[in-house]
Amino acid sequence: MINNKVKKVKPSYTLTKEEKTSLTYNGITFRSPLEIVTYKILEQSGLSFQYESVDYILQDKFVYPSEIWKEDNSRVFKKTRSTIVQPITHLPDFIVENKFIIEVKGWQTPDFKLRRKMLLHKLLSEDDAKHYFMPSTIKSVLLSVERIKQILKDGVSQEETDNN
């Protein structure tokens, strides 16, 4: 008896030893191995995407005019005047089709959680609300990309229906 079944071959998202240690792929230095895998998945998806392309300013730089007292290394308080407070920014990992943000996070620091809230508020206030995905595993990255494709497909179908 002949076996006519065709075995599906899944693409491999494993990293080479060099990619794991240098975190470099395609001439880009990434911050984590999962970001490299996400980049590879997006490449194979056919979706248009950019890696760390938009640095959002969540709070502008400003000058605090009153005195600020800081403790230095010798535990002596020093007075400063007109302190320049640097802006708060956030650089999302991936922007896909200019409608989706993929933020690859294995561990969410308190700083990240605060910046994420500020980013979502900024996008909402600028009427630029994007779909926001936060996968933390390869499986969840794959699910996110499939969901993005479905949203795009449904959106196109809905637009076609609205125009008829």
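Before going on, the conventions. This is a predicted model, in which local features need pLDDT of at least 70, side-chain atom pairs count only at pLDDT 80 or more, and totals for chains, interfaces and linings use all residues. Residues are numbered from 1 along each chain as its sequence is written, and side-chain values use heavy atoms, with hydrogens and water left out.

The protein chain has four helices and 12 strands; these are DSSP runs numbered from the N terminus, H or I of at least four residues for helices and E of at least two for strands. Of its 164 residues, 29% are buried, where buried means under 20% relative accessible area, exposed over 50%, and partly exposed in between, with a 1.4 Å probe and protein chains only. Among contacts with a separation of 6 or more, 57% join residues 24 or more positions apart; contact means heavy atoms within 4.5 Å.

Back to helix 2. It covers residues 33–45, and its 13 residues reach 19 Å from first C-alpha to last, close to the 18 Å expected at 1.5 Å a residue. That expected span is 1.5 Å times one less than the number of residues. Is helix 2 mostly covered or mostly open? Mostly covered: 10 of its 13 residues are buried, including L34, I36, I41 and S45.

Take L42, which sits in helix 2. L42 counts as buried because its relative accessibility is 0%. Beyond its neighbours within four places in sequence, L42 contacts L47, F49, F94, V96, I102 and V145.

Now the core. The largest nonpolar core has 23 residues, and those touching the most other members are L42, L47, F94, V96, F100, I102 and I148. By nonpolar core I mean a set of buried Ala, Val, Leu, Ile, Met, Phe, Trp, Tyr and Cys residues joined through side-chain atoms within 4.5 Å. Two or more residues each come from helix 2, strand 3 (49–51), strand 10 (94–96), strand 11 (100–102) and helix 4 (138–163). Helix 2 gives the largest share of this core, six residues. Apart from it there is another core, of six residues, among them Y56, I95, I101 and L123.

Next, the largest pocket, with a volume of about 250 Å³. Of its 14 lining residues, R31, H90, L91, K105 and F112 are the closest to the centre. A pocket here is an open set of points on a 1 Å grid over the protein atoms alone, where a 1.4 Å probe fits, with protein on both sides within 12 Å along at least five of seven lines; lining residues have an atom within 4 Å of a point. Points are joined across faces, edges and corners, and the volume is the space filled by probe spheres set on them. Which element gives the most to this lining? Helix 3, with three residues. The lining divides into three nonpolar, three polar and eight charged residues, with Ala, Val, Leu, Ile, Met, Phe, Trp, Tyr, Cys and Pro as nonpolar, Asp, Glu, Lys and Arg as charged, and the others, Gly among them, as polar.

Last, two backbone details. E52, in the loop between strand 3 and strand 4 (56–59), has a positive phi near 45° without being a glycine. D127 is not a glycine either, and its phi is positive, about 55°. D127 lies in the loop between helix 3 and strand 12 (131–133), and counts as exposed at 74% relative accessibility.
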